[in-house]
Every structure is written in structure tokens, then in C-alpha cells.
Amino acid sequence: MANLAPRPDRAYHQDYICRIRYENSLPPPPGSVKLLDIPIDGLDYYASPGFASRLHRSQPINIEANAELGMPIDLVGMPGVFDGDESSIQAPLLPPPVHPRDKTLLRPLSELGKPKYQPGGISFLRRTEYISSDAARARSEAAPKTTPKAAATKVRKPVDTSKDDPIHVLRAVVKGFDIAHPEDAYDGPDTHDSIRGLEPTPAEIEAWNNPKHPTKSTLKAIDFYPVLPDLEACTDTGSYMVAKFTANPTQIINKHDPRMDVGLLRPIELDDAAVADYSARVAAHTADPVHNLHPGGPPFNYHFFLPTDAHSAINLKRKLDVDDLDRDDPDLYTTKNKDGKSIFRLSQQRVYETGRSTAPDADNAYNEIALALHDPDVGVPVDGGVSNRLEKAAYYYPVMQKVQLKPHRSKTLTQLGVAPRAEDDGVDVIDVLDVVVENLDAVENAKRQKHRAELLGESVEEDGAEDGDA
């Protein structure tokens, strides 16, 4: 049996490396620490409420603070609060810039306790760096020296600049129409009025004949609608405005109120102070658009009117429907005014003000559009016939401006008796509105004809517009 001789003791040198996980990198508070001389006779005495009260009275506060501690909560002294102007108690739209000394306090929690790497202040990291650098140097010296191959330069694919040519872009657009209507494709020489489109590929023709959903391949197209403008629905401005209420404007909440289909918004003319303030904000945005947001559209107030009942709303809707064969029937009017003229009477619901709005931009009116699908074969019958005015298509209507409407503040305060009535603010109170539906006059027709000609690419005779204005 072999004897196991004891092994001699050997000392192994090993470096201990630790890491500080939590560290307070904030500077100490500027004020000195206040130490209180408290005798320790018994915990029950110090835990009683009386001790804290006596301690509070014996140690007065060494700061001066007003009754509101720097945060005004009394609205009596705030200018314009009870008149509907809440600007004095609201935060500014553009907060002031942060002082460089305060940016340290705004660091996220993930960066706290993790200062940047400083080799001179942390010894074990410096030691690790030496070890890693020495090992890398030893490996590099032991490896055979070889001449590195020159890195192959990447050859960029040449860009075809001819595709950016305006004529090439126009040919690509015409190609889409040629694929949709090959019978109308133009194959002659290029002229001022006609240009040949690019030659479509078989894959493009197949994609048009058998369209597929880009993400859901199981879906199949069941019908197609050409996208066209509704020339008969052109307005004076050539576009529409979308108004959205912040709250339900009627008392009906469990179903659709048919009176909302023929509601009427009557803008109130802005006073001189509002016009001057709006012009100043637009000028500030024009001078410095980075620090001054665009104020949007003019801050109009609106009277909102609705018919008195659902029957009047239905008759007024039929009167406005150009597809209704009986729309010229005078019996559709529901009441008469004091002169005996047949009218629709709309009553005012309340006054609304502009909450948020986009700036009206006539040049970019087609950035947002409303789309309506129309199919005469499955048209909805109306009281007098079936709609056959338009052909089958998806008709688009440009949206030039969007407005959010909220109840007028001063009206709410007036109802509570803490603000003057609207007459004192220079706003005429209109209780009812008598509406009569008539055909367009020459001036309105001239404005609409101008926008129709722009959509069709036709020129408008100035003489016709001037005759209409006369």
C-alpha cells in the first residue's frame, strides 16, 4: 500500500475585485446640519403627540413663508378668471429653458449611481485594464506576423439619375392609367398635350388584374371604385371644414339625433382685440417657427342652431337633397314667419368657441380628404326616386381645416350668475334663425365654377367671373 506523502503548502496570489453598486453622486446640501439636543429618558415620552407639539413650538421655522406657501390658490386676485379668461392660472405654452445647473437634476433614474468611467479614480479597473492589455500584447507578440490584406473597397451601385427626370416621372404616372385603361393608351409621338407612358411589365399587369392585399393574402377584392371628384359638391372655397364637438351638443345620448344632420354653425365676427392678438401670434410664428407654435385657424365663436323637432329636420334634409324629386314642394317648410313666408325655424342651442384648430391651407387642401362610395345599382331610395345623379365611383372631398368646438366659457359662467351676459361682451344673442333654401346666385356659381375648372384642368374666363360679381 502506497503511502500518501503530505503535499507542501503553496500560496496562491489572487486579486480581490469588487464593484460599487450604489453610489450617491449628488453634492452635499448647502445648509449646515441642525442637531437637536434631545434627552433620552424614555421612548414612551418621545413617542407621545405632546412631545412633537412642544418640539414644534420650541423650534420655530427659520424660513419666511406666506399663507399659500408660494402657490396661489385664491382665485379672487387672479385677473380675468371669473370672466372666462383662464390664461393667468394656466401654464405657458412654451416652458422656459432649463438652467444648465438644473439639468443634472433631470437625469433619468437609470443614470443615477452610474458615473462615467474614470481610470484615475478606480484602482481595480485600472489594474484590470493593465492585465487585459498585457495579455493582448503577449498574444500579439506570439502570433506570426503576416501582412494584412488590403480591405476591399465597396463598389456602390450607380444611381440611375434619369429616373428623377420630370419627364420620366410623368411617364411613370401615365403608365398607371395605361394599365387601368389599355384601350385609351397613347402610343404616338410625344407632343405638348400627349405623352407616351412607360412600357408596363407583365408583373404590373398581373397585379392590376388580380390585386392582392399587402398583408392578408386570403382576402379577395369584390368590387372596384374609380376615385373621382364630386364636381357638383364644390363649395365657395373648394374644400370643407370638419368640426368636432368636445361633448354631446344635444340631450339625446342613446341614439343618433337626426337634427344633427342639418345643424347650422353661424360664426361670430371677431373683435379688434382678438384680431390683433391672432395677427401677432401668426407674425411671431412666421418670424421664429421653432419657438412659436402656429396658432391654427382664427379663434371664432359660433352660434349653434338645430331644428325644433325631428320632423323639421327630415323636411329640411329633403329640401337640401338634389336627388329628391319633390324637393321644390313648398309644403316641406314647417312654419311661416310674421310676413307669411314659408321657412324652417332653427333654435339656438348654445355658443361654442374654438378649442383647437388646424391652420387653413388652401394650397394643401388635398392632404386630407373625405371619401364616399357611391353605387347607383344599390342606391338608397329616397322620397321621390332613386339617386342617379352620379356614376359608380369613390368620390373625394378635400378637407382644408379641422376645428374642435367646446362650450363657450362665459356662457356657462353667465348661467351661474358670476359673469356678465353676452350683450356686455359685444356678442348679439340670437334665439332663433329662419332658414329659406334657394338656388345659387351668379356670384356663388362663379366661385364654384372656378374650382370645377381647376379640377378639370380648364381655364376660367375672367369676364364671366366679373359679370357674376356685378
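I take helices (H or I, at least four residues) and strands (E, at least two) as DSSP runs, numbered from the N terminus. The model is predicted, so I keep local features at pLDDT of at least 70 and side-chain atom pairs at pLDDT 80 or more, while totals for chains, interfaces and linings use all residues. Residues count from 1 along each chain as its sequence is written, and side-chain values use heavy atoms, without hydrogens and water.

**Nonpolar patch.** I looked up a nonpolar surface patch of about 680 Å². Patch members have over 30% relative accessible area and no salt bridge, and nonpolar side chains are joined within 5 Å. Strand E7 (369–374) gives the most, with 3 residues. Helix H9 (442–456) supplies at least two. Tyr366 also belongs; I found Tyr366 in the loop between E6 and E7.

**Aromatic pairs.** I list 6, taking ring centres within 6.5 Å as a pair, with planes under 30 degrees apart as stacked, over 60 as edge-to-face and the rest as tilted. Tyr333 and Phe344 have centres 4.7 Å apart and planes at 40 degrees, so I log this pair as tilted. Tyr333 is in the loop between helix H7 (310–320) and strand E5 (335–336), and Phe344 is in strand E6 (residues 342–357), 11 residues apart. Both are buried (under 20% relative accessible area). I also note one aromatic cluster of Phe245, Phe304 and Tyr352.

**Charges over rings.** My cut-offs are NZ of Lys or CZ of Arg within 6 Å of the ring centre and within 35 degrees of the ring normal. Arg350 has its charged end over Tyr352, 5.9 Å from the ring centre. Lys392 lies over the face of Tyr225, at 5.1 Å.

Methods:
Buried < 20%, exposed > 50% of the residue type's maximum accessible area, 1.4 Å probe, protein only. Patch = residues over 30% accessible without salt bridge, like charges linked within 9 Å, V, L, I, M, F, W, Y side chains within 5 Å. Areas by Shrake-Rupley, 256 points an atom, 1.4 Å probe, with all protein chains shown as cover. Salt bridge = Lys/Arg side-chain N within 4 Å of Asp/Glu carboxyl O.
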